[in-house]
Amino acid sequence: MAGAVVKAKEFFDRVLVTDFDVHHGNGTQEIFWGDLSIIHIDFHEYGIYPGSGYVDETDGSKVNIALPHYCNDDDYIYAWNEVVEPILADVKPKLVLVSAGFDAFKDDGLATMELTEKFYAFVGSRLRDYSVVAVLEGGYSIGLERGLPAFVEGYVEGYDVEGVRPSAKVVEIVKKLREIHDLR
């Protein structure tokens, strides 16, 4: 992803990266730490490798959406709507770079997250208004088989979701993120 970010910086003043791989994008964060022109929004499972990416770990442009074990589509969609959407509206990126990991798919094998096609189709759909460059980051079995096509289908055809019910813990995390990053 770092190479894509460097190349994008040649053409754009601000670059937005969203990462939904189950592991924290510590490399992207470390390489661009302190560069406030690179907005890095990272969904990941809290407490697994590499052990970084706490919600309050920010330089002002790094947004770590560290979620607890066993989160599902509704948890992720709620966090996207409450954290990512306001940032997209504010930044209005010409290009969105996506670290596309499908290893948070339920039963993919490396983590405890419980995502399905619903989340990936939703994210693809939410990015339809942007030019997107996606880099495959993970997914080892069912995640690649079902998550990747759902993401592409959502981007091409759209996908609507209504009435999500996030867990109380995710609502609490999102509230903290909104405060840290002054999202209105």
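**Notebook: D59 and the fold around it**

I started at K62, whose backbone nitrogen lies 3.2 Å from a polar atom of the D59 side chain. The model I am reading is a predicted one.

I then checked S61. Its backbone nitrogen is 2.9 Å from a polar atom of the side chain of D59.

Where does D59 sit? I found D59 in the loop between strand 2 (38-45) and strand 3 (62-67).

Is D59 buried or exposed? I looked up its relative accessibility, which is 18%. Buried means under 20%, so D59 counts as buried.

Next I listed what D59 touches, leaving aside neighbours within four places in sequence. I noted contacts with F32, W33, G34, D35 and L36.

Then I stepped back to the whole protein. I counted six helices and five strands. From the N terminus on, I read the order as α-β-α-β-β-α-β-α-β-α-α. The radius of gyration is 15 Å, close to the 16 Å that the globule rule gives for 184 residues, so the protein is as compact as a globular protein of that length. I boxed the C-alpha atoms along the principal axes and got roughly 40 × 35 × 30 Å.

How many of the residues count as buried? I read 49% of the 184 residues.

Last, I turned to surface and charge. The protein exposes about 8700 Å², and carbon and sulfur atoms supply 49% of that. I noted 17 positive and 32 negative charges, with mean positions 6 Å apart.

Definitions and conventions. Residues numbered from 1 in each chain as written. Predicted model: local features only at pLDDT ≥ 70, side-chain atom pairs only at ≥ 80, totals over all residues. Heavy atoms only, no water. Helix = DSSP H or I, 4+ residues; strand = E, 2+ residues; numbered from the N terminus. Buried < 20%, exposed > 50% of the residue type's maximum accessible area, 1.4 Å probe, protein only. Polar contact = N/O pair within 3.5 Å; in protein donor to acceptor, adjacent residues only side chain to side chain. Contact = heavy atoms within 4.5 Å. Rg over C-alpha atoms; globule rule 2.2 N^0.38 Å. Areas by Shrake-Rupley, 256 points an atom, 1.4 Å probe, with all protein chains shown as cover. Lys, Arg positive; Asp, Glu negative; His and termini not counted. Charge placed at Lys NZ, Arg CZ, Asp CG, Glu CD.
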